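The following report goes through selected local features of one chain.

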Amino acid sequence: MNKKNDKPIVALIYDFDGTLAPGNMQEYSFISAVGRSKDEFWGETHKMAERQDADGVLIYMLLMLQEARRKKINLTRRKLRTFGKAITFFNGVETWFKRINKIGEKEEVTVEHYINSSGLLEIMEGTKIAKEFKAIFASSFYYNKHGRAVWPASAVNYTNKTQFLFKINKGILNIHDSEKINSSVPEEEKRVAFSNMIYLGDGETDVPCMKLVRQLGGNSIAVYNSSEESKAVAQRLYQQNRVSFICPSDYSEGSRAEEIVTKLIRKIKADDALSSLR
């Protein structure tokens, strides 16, 4: 059932790059560590993907391995985590989780936070906010017996991101379990109802998740930064009914993001109370 200690569970699910932190996580320290500019790195990623008709996530991971090898950087999990320490976040992010959890306690719901990202798990594990998440679903490397990254263990792109919504729905917190995710589970036994999900993303790559959450009764929010282009993308997603709300990527106390999420938490609580009367 979608309750914990008889409280409804509200799942806040976040994209990472452009949603919680400006830009792409590789741009904070990894790209400079291998002596490239971000334009060079992503330009080469695009060319390689186009030339081989390949998935862009797999290609950026391949390029990371190649560039680290070229610069004789030992790409271990620990090394990748050090790159995460350099990441800075949008205003209010570092205190957001504690504030939202307190709102959940006040409204008598259990709030859980999840990441659903095409970025790298290992880099996110090194960030200041890693401990805030119940699970981080993201791309990651496979490591050999010496602890060096040698191959993609998982590659998360914009379409296969949707599988992790179903994992959250059923309470599956790992990537490798393909048996339980495909098993039939009665609706009342699923851990987090889709109607209790709030998805936050910043752009087109989040559309499949945003749309699925909305279709199944939840809510999606498009956040935008200070650029006109970013705001135009969010407005277009709203006009196309891909998202329920749009707001600036400002997570500070009293922000529009906090206002929206607070009211959605209250709505989920009220809906749960009404459903218990049926």
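Ser 252 sits in the loop that runs between strand E8 (residues 245–248) and helix H10 (256–275). Helices (H or I, at least four residues) and strands (E, at least two) are DSSP runs, numbered from the N terminus. Ser 252 counts as buried because its relative accessibility is 19%, where buried means under 20% relative accessible area, exposed over 50%, and partly exposed in between (1.4 Å probe, protein chains only).

Leaving out residues up to four places away in sequence, Ser 252 touches Asn 91, Gly 92, Arg 99 and Glu 258; contact means heavy atoms within 4.5 Å. The C-alpha atoms of Ser 252 and Thr 95 are separated by 7.6 Å, although the two residues are 157 residues apart along the chain.

## Basis of the values

The model is predicted: local features need pLDDT of at least 70, side-chain atom pairs count only at pLDDT 80 or more, and totals for chains, interfaces and linings use all residues. Residues are numbered from 1 along each chain as its sequence is written, and side-chain values use heavy atoms, with hydrogens and water left out.

Strand E6 (197–201) is mostly covered, with 5 of its 5 residues buried. Met 197, Tyr 199 and Gly 201 are buried on one side, and Ile 198 and Leu 200 are buried on the other.

E6 pairs with strand E2 (7–14) in the parallel sense over 4 bridges; two strands pair if DSSP finds at least two bridges between them. In this pairing Ile 13 stands opposite Tyr 199 of E6. E6 is also joined to E7 by 4 bridges, and these two strands run parallel. Here the bridge partner of Ile 198 is Asn 219 in E7.

## Crossovers

E6, helix H8 and E7 form a right-handed β-α-β unit. A crossover is right-handed if, with the strands pointing away from the viewer, the path from the first strand over the helix to the second runs clockwise.

Strand E7 (residues 219–224) is in turn joined by 4 bridges to E8, and the two run parallel. Tyr 224 has Pro 248 in E8 as its bridge partner. From E7 the chain crosses through helix H9 (residues 228–239) to E8, again in a β-α-β crossover that is right-handed.

## Helix H7

Helix H7 spans residues 162–170 and contains Asn 169. Asn 169 counts as buried because its relative accessibility is 2%. Its contacts, not counting residues up to four places away in sequence, are Lys 190, Arg 191, Val 192, Ala 193, Phe 194 and Met 197.

The buried residues of H7 are Phe 164, Leu 165, Lys 167, Ile 168, Asn 169 and Lys 170. The cover over these buried residues includes E2, E3, E4, E6 and H8. Just after H7, Gly 171 takes a positive phi of about 80°.

## The largest pocket

The largest pocket has a volume of about 840 Å³. On a 1 Å grid over the protein atoms alone, a pocket is an open set of points where a 1.4 Å probe fits, with protein on both sides within 12 Å along at least five of seven lines; lining residues have an atom within 4 Å of a point. Grid points are joined across faces, edges and corners, and the volume is the space filled by probe spheres set on the points.

Of the 30 lining residues, the closest to the pocket centre are Asp 15, Asp 17, Asn 24, Asp 202 and Thr 205. The elements that give two or more residues to the lining are H2 (38–52), H3 (56–70), E3 (110–120) and H9. By class, the lining has 8 nonpolar, 15 polar and 7 charged residues. Ala, Val, Leu, Ile, Met, Phe, Trp, Tyr, Cys and Pro count as nonpolar, Asp, Glu, Lys and Arg as charged, and the others, Gly among them, as polar.

Most residues other than glycine have a negative phi. Glu 108 has a positive phi, near 60°, and lies in the loop between helix H5 (93–106) and E3. Glu 108 is partly exposed, with a relative accessible area of 48%.

Asn 241 also has a positive phi, of about 60°, although it is not a glycine. Asn 241 is placed in the loop between H9 and E8 and counts as exposed at 56% relative accessibility.
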